[in-house]
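Visitor: I have a structure here and a few quick questions. Can we go through it together?

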There are 2 protein chains.
Amino acid sequence: MASEFELIRRHFTLPTRNTRLGVGDDAALLVPRPGMELVVTSDMLVSGTHFFADTDPVDLGWKTLAVNVSDIAAMGAEPRWAFLAIALPAADEAWIAGLAKGFAECAERFSIDLAGGDTTRGPLTLSVTLIGEVAAGRAVRRDGAKPGEDLWVTGTPGQATLGLAHLRGELALPADTAAICVAALHRPQPRVEAGLALNGIATAMLDVSDGLLGDLGHILERSGVGAEVELDCLPHALTGECAIAGDRMQDTTLRGGDDYELLFTAPTSQRGVITRLSGDLGLPFTRIGVISNDARVITLIDSQGTRTRTSALGYDHFRA
Amino acid sequence: MASEFELIRRHFTLPTRNTRLGVGDDAALLVPRPGMELVVTSDMLVSGTHFFADTDPVDLGWKTLAVNVSDIAAMGAEPRWAFLAIALPAADEAWIAGLAKGFAECAERFSIDLAGGDTTRGPLTLSVTLIGEVAAGRAVRRDGAKPGEDLWVTGTPGQATLGLAHLRGELALPADTAAICVAALHRPQPRVEAGLALNGIATAMLDVSDGLLGDLGHILERSGVGAEVELDCLPHALTGECAIAGDRMQDTTLRGGDDYELLFTAPTSQRGVITRLSGDLGLPFTRIGVISNDARVITLIDSQGTRTRTSALGYDHFRA
């Protein structure tokens, strides 16, 4: 019977297009394009902490790469080369083949080469390092937001949280809505095209993996500014017949994690450009507020004009 | 009490010199030097598989980075940027501070920036991705060995195995020899300077992490050649009064792992240059055999001229 090492080698040897030398030497050789800067992110996913041991391996393979792709997208950069280190308790070919299938689907979708990695025996752990490229000096960081700029978000944050609630039986959604929300949870779509299109337009950007308010706090912290959020402008994942109670919906949109939408700031002069981009990409871009001088303070404004101030720091935490 | 995430942030925020943007954004930003190719390696170390839970954390921090540095050295390249993902079961400030100290010492020794990473809760696992640079097209790969070339090794492979045997009480070494061997085990010195000096001289190279014969097999496999090893030429870690039985010594030198010396091939015309390099670096370079046409076959030749043929494939295995 094949060992887990042989199985990983068999299933994870994927075709590469932009790699001079992949698996099989001491290290991989990559040729960055002239004038480009490297954008690098690492994420470690541990069984029992980030996913359940019985998660569909195809979904897990997709998501393991996708969460890293989202970080590259949030810099306005293009993902290029992935490195995957795996610790596995035992050989299970069907499971490994599934993981490889999902990973390969995500790599193919975003033209990423799996250029190297490591396999070892141990408690199930997946660690990806993803290298992207962006024109030198053009990365969209978290520290560029300025007072008076608009605050925008892509898509409808909260979908993944609703998908999880549905799977747990805490919420009964119509089948088609449930399918969309569960897909957001298991097959997140990193906003690479949107991130690239926003490069040169957005002044600060990040992905909303930890919830909209929590991640907004990171922009405020790094940029030394505040934000006023118009609650009535929030794009909710559920509307019409399947809407849930207003407070719960709002909380899901503001605090739901695991969504991988982009949150960004841009000058008011760019509103027309951004609206056109939204149409071109077939992805909602919603203006949800403005950047203020009130450093590190998030002010929530409801439909009556009532203002609630909260500290951005309250939402600042390490991803756990 | 500080969480493991705060402790990691506190202790692993090291000064960077060659990184445009390090920890704190969605991804790190690195600026490769013009005309350079990237050399990338990943290693995952799992508690109980690669190290014991009671390993001195300072040594563990050093070795976690050093084993990756060795892979970059073996490509004749320069290590530049490290990414460290850690899964930790609980917060233990003394342990984390020790790990960070050893890691920082190795980073400082080789001028490496810790440019990013991830921290999560889980069974103790350390995953490093290290990015190096080499002039485009100049990396020393495993596939360039040609029949008639010399086979060389740096240092005295087997030291780490002897250090482990000493610690386990299987071998009694004099104190000074024991200290050297235990240091080879716990504080391996990647041969970065030697690797860079050999760039342009060595035709194939790798690091001997899995034992000399096993890793020689990788060169033979990738280059489609064979090798004849002169057993009398092997550089043994123990000589004189502390020598151990000849067979055991030879086996340790040929098969001992965890040493991180460089094994390389070079044309016979380079013998003088290599010998001078050895003197300049203060590191023994020993010519131990020649490359043959006998594809994938290692022939061991003893002092009586007796030849023993073995298949290189017998030693080809995944690092486990």
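Visitor: Which residue is the bridge partner of A:Leu38 in E2(B)?
Guide: In this predicted model, A:Leu38 has B:Leu30 as its bridge partner.

Visitor: What holds strands together in general?
Guide: Strands of a sheet pair through backbone hydrogen bonds, parallel or antiparallel.

Visitor: Back to the two chains. How many residues does the contact take from each?
Guide: The contact takes 56 residues from chain B and 56 residues from chain A. About 4800 Å² is buried between the chains, and carbon and sulfur atoms give 59% of that area.

Visitor: How many salt bridges are there between chain B and chain A?
Guide: One. A:Arg142 forms a salt bridge with B:Asp26, with the closest N and O atoms 3.1 Å apart.

Visitor: Which strand gives the most to chain B's side?
Guide: Strand E3 of chain B (residues 36-46), with 10 residues. By class, that side of chain B has 29 nonpolar, 13 polar and 14 charged residues.

Visitor: New topic: what is the strand order in the open sheet of chain B?
Guide: Seven strands run in the order E8-E10-E7-E11-E9-E12-E13, with mixed pairing. The edge strands are E8 (204-207) and E13 (307-311), each pairing on one side only. From one strand to the next, the twist averages 25 degrees.

Visitor: What about E9 and E12 of chain B, parallel or antiparallel?
Guide: Parallel, over four bridges. B:Glu228 stands opposite B:Thr299 in E12(B).

Technical notes
Residues are numbered from 1 along each chain as its sequence is written. Chains are lettered from A and ligands numbered from 1 in the order in which they are written. This is a predicted model: local features need pLDDT of at least 70, side-chain atom pairs count only at pLDDT 80 or more; totals for chains, interfaces and linings use all residues. Side-chain values use heavy atoms; hydrogens and water are left out. Two strands pair if DSSP finds at least two bridges between them. Helices (H or I, at least four residues) and strands (E, at least two) are DSSP runs, numbered from the N terminus. Axes are lines fitted to C-alpha atoms, for helices over the stretch in contact, and angles run from 0 to 180 degrees between N-to-C directions. Contact means heavy atoms within 4.5 Å. Buried area is the accessible area (1.4 Å probe) that two parts lose on being put together, summed over both. A salt bridge is a side-chain nitrogen of Lys or Arg within 4 Å of a carboxyl oxygen of Asp or Glu. Ala, Val, Leu, Ile, Met, Phe, Trp, Tyr, Cys and Pro count as nonpolar, Asp, Glu, Lys and Arg as charged, and the others, Gly among them, as polar.
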